Amino acid sequence: RLDLIIPDSSISGVVRNANGEPVKGVLVRAGIEKGGLEADGLLGMILKNGVSETRTDAEGRFELPNVSEGTYRLTASGREGRRSETKKYGSVALGGIQVDGRTPVQDIVLLLPLAGSITGTVIDGNGNPLGGAEVHFRDVGRAKEKKTGLMDFFGMQVRPERSGPDGSFKISGVTPGTYRVEAELEGRSPGIADNVEVSE
């Protein structure tokens, strides 16, 4: 005879901006740091980046129900919000959240920073502008935190920006931090800028 226990734990709290005001419509995800649902490979990468997700309500509150026993990391991202006013915010992460599978974890506060932006121009070796280049950015600090060869979704942009005919580009909604920015154009080696600092 086997008893299968459905987890009763939940994780709840509020997302606020730097002024302490609640932020509505922000995507909040819980990813596994370690615990019962751990796995390797692609499944492990998916579990680390979101086993449960929800959006904040009008008061900035969120609740993730039916969370299994383990240690979790919460991420909140204004960049992935449905509302245009959330896109002015970056992302924040909080790890080490212990869940026992039976009792709720409450009153977590996530402070969402205002986002910065990265602007520039893609040029060739002679200084001529290059239009149509794909411009990517990667959070260098988070890359150093990785413990496996799998790339963590947090700190990566979902899709690249493209440079305009004059070679110019702008990446908005960037969380404050240190980034590597790369420009790629078919048939050419990538252009790379390291240690690009973005502030609020």
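In which strand does Thr75 lie? The legends below, which describe a predicted model, begin with this residue.

**Figure 1. Thr75 in its strand.** Thr75 belongs to strand β5. With a relative accessibility of 12%, Thr75 counts as buried, because buried means under 20% relative accessible area. Val92 is 17 residues away from Thr75 along the chain, and the C-alpha atoms of the two are separated by 5.6 Å.

**Figure 2. The chain as a whole.** Two helices and 13 strands make up the secondary structure of the chain. The chain has 200 residues, of which 40% count as buried. Of the contacts between residues at least 6 apart in sequence, 69% join residues at least 24 apart.

**Figure 3. The open sheet of three strands, β4-β1-β7.** The strands of this open sheet follow the order β4-β1-β7, and their pairing is mixed. From one strand to the next, the twist averages 25°. Strand β1, residues 9-17, pairs with β7 in the parallel sense, over six bridges. Opposite Gly13 stands Ile108 of β7.

Figure 4. Ser10 is placed in strand β1. Is Ser10 buried or exposed? Its relative accessibility is 9%, so Ser10 counts as buried. Leaving aside residues up to four places away in sequence, Ser10 touches Glu63, Leu64, Pro65 and Val67, together with Thr103, Pro104 and Val105.

**Figure 5. The largest nonpolar core.** This core contains 21 residues, and those with the most contacts inside it are Ile11, Val15, Val28, Leu74, Ala76, Leu110 and Leu112. At least two residues come from each of β1, β2 (27-35), β4, β5 (70-77), β6 (91-99) and β7. The strand that gives the most to this core is β7, with four residues. Apart from this core lies another, of 14 residues, including Val122, Phe169, Val181 and Val196.

**Figure 6. Contacts of Leu110.** What does Leu110 touch, not counting residues up to four places away in sequence? Its contacts are Val14, Val15, Arg16, Val28, Phe62, Leu74, Ala76, Val92 and Leu94. Leu110 is also one of the residues with the most contacts inside the largest nonpolar core.

**Figure 7. The open sheet of four strands, β10-β9-β12-β13.** Here the strand order is β10-β9-β12-β13, and the pairing is antiparallel. The edges are formed by β10 (161-162) and β13; each has a single partner strand, so one side of each is left without a neighbour in the sheet. Strand β9, residues 134-139, pairs over six bridges with strand β12, residues 177-184. Within this pair, Glu182 of β12 is the bridge partner of His136.

Figure 8. Strand β12 pairs in the antiparallel sense with strand β13, residues 191-198, over six bridges. Ala183 has Gly191 of β13 as its bridge partner, and Val181 stands opposite Ala193 in β13. Six residues lie between the strands of this hairpin, in which Gly187 takes a positive phi near 85°.

Figure 9. Side chains of opposite charge can pair when their charged atoms come close. The whole structure holds six salt bridges. In one of them, the side chains of Asp3 and Arg1 meet at 2.8 Å, N to O. Asp3 is exposed, with a relative accessible area of 52%, and Arg1 counts as exposed at 92% relative accessibility. A salt bridge also joins Arg29 and Glu53, with the closest N and O atoms 3.0 Å apart. This pair links distant parts of the chain, since Arg29 in strand β2 and Glu53 in strand β3 (residues 52-55) are 24 residues apart. Arg29 is partly exposed at a relative accessible area of 22%, as is Glu53 at 49%.

Figure 10. Asp194 and Arg180 form a salt bridge whose closest N and O atoms are 2.7 Å apart. The pair connects distant parts of the chain: Asp194 belongs to strand β13 and Arg180 to strand β12, 14 residues apart. Asp194 is partly exposed, with a relative accessible area of 42%, and Arg180 is partly exposed, with 23%. Through salt bridges that share partners, Arg180, Glu182 and Asp194 are joined into one network.

Terms used
Residues are numbered from 1 along each chain as its sequence is written. This is a predicted model: local features need pLDDT of at least 70, side-chain atom pairs count only at pLDDT 80 or more; totals for chains, interfaces and linings use all residues. Side-chain values use heavy atoms; hydrogens and water are left out. Two strands pair if DSSP finds at least two bridges between them. Axes are lines fitted to C-alpha atoms, for helices over the stretch in contact, and angles run from 0 to 180 degrees between N-to-C directions. Buried means under 20% relative accessible area, exposed over 50%, partly exposed in between (1.4 Å probe, protein chains only). Contact means heavy atoms within 4.5 Å. A nonpolar core is a set of buried Ala, Val, Leu, Ile, Met, Phe, Trp, Tyr and Cys residues joined through side-chain atoms within 4.5 Å. A salt bridge is a side-chain nitrogen of Lys or Arg within 4 Å of a carboxyl oxygen of Asp or Glu.
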